[in-house]
Amino acid sequence: MAYRPHFLVLSGLSGCLPNDIQVFIEQRSAVLYAQELFSLSDRKAKKLMGSGILKLSLETDGAQYVQIYQCSCQSPQVHFELPASPDAKELIEELKTEADNG
Ligand SMILES: [Zn+2]
């Protein structure tokens, strides 16, 4: 199966497994998702885009961090059991088609 770079949006508590994971093809979509999820200001979204991780407040955001991680795993489909974003659904369909074709 063809390798596709993909971005994971992870969020949760420091030192724990992420509470929420979403997979995206576009970094921009990943940032937009995180921005919407935590009502981030444009400034914070930019920071997240630049550094890949943003500290949050557990009291106000319900999570301690949000991270955008460019996943280099060879099988993006392992993430597809997660609730898929519209962006990821397209990728899933593509990969399924590729799999069907051989
Ligand atoms: Zn992956």
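Which strands does α2 lie across, and at about what angle does it run to β3? I noted first that this is a predicted model. Then I looked: α2 lies across β3 and β4, and its direction makes about 135 degrees with that of β3.

Next I traced the sheet. I found an open sheet of four strands in the order β2-β1-β4-β3, paired antiparallel. Its edges are β2 and β3 (53-55), each of which pairs on one side only. On average, neighbouring strands here are turned by 15 degrees against each other, direction ignored.

Then I went through the partners of β1. Strand β1 (residues 6-12) runs antiparallel to β4 (residues 65-71), and seven bridges join them. Along this pair I picked out Val9 opposite Ile68 and Ser11 opposite Val66. With β2 (residues 20-24), β1 also pairs in the antiparallel sense, over five bridges. There I saw Phe7 standing opposite Phe24.

On to helix α1: which of its residues are buried? In α1 (residues 27-37) I listed Ala30, Val31, Tyr33 and Ala34 as buried. Seen down the helix axis, the buried residues fall within an arc of 160 degrees, so they line one face of α1. I then checked what they pack against, and wrote down β1, β2, α2 (42-51) and β4. Turned away from that buried side, the other face of α1 carries Arg28 and Glu36, both exposed.

Last, I looked just past the helix. Ser39 follows α1, and its phi is positive, near 50 degrees.

Methods:
Residues are numbered from 1 along each chain as its sequence is written. This is a predicted model: local features need pLDDT of at least 70, side-chain atom pairs count only at pLDDT 80 or more; totals for chains, interfaces and linings use all residues. Two strands pair if DSSP finds at least two bridges between them. Helices (H or I, at least four residues) and strands (E, at least two) are DSSP runs, numbered from the N terminus. A residue is buried if 20 or more other C-beta atoms lie within 10 Å of its own, exposed if 12 or fewer, and partly exposed in between; C-beta atoms are placed from the backbone. The arc is that of the directions from the helix axis to the C-beta atoms. Two residues are in contact if their C-beta atoms, placed from the backbone, lie within 7 Å. Axes are lines fitted to C-alpha atoms, for helices over the stretch in contact, and angles run from 0 to 180 degrees between N-to-C directions.
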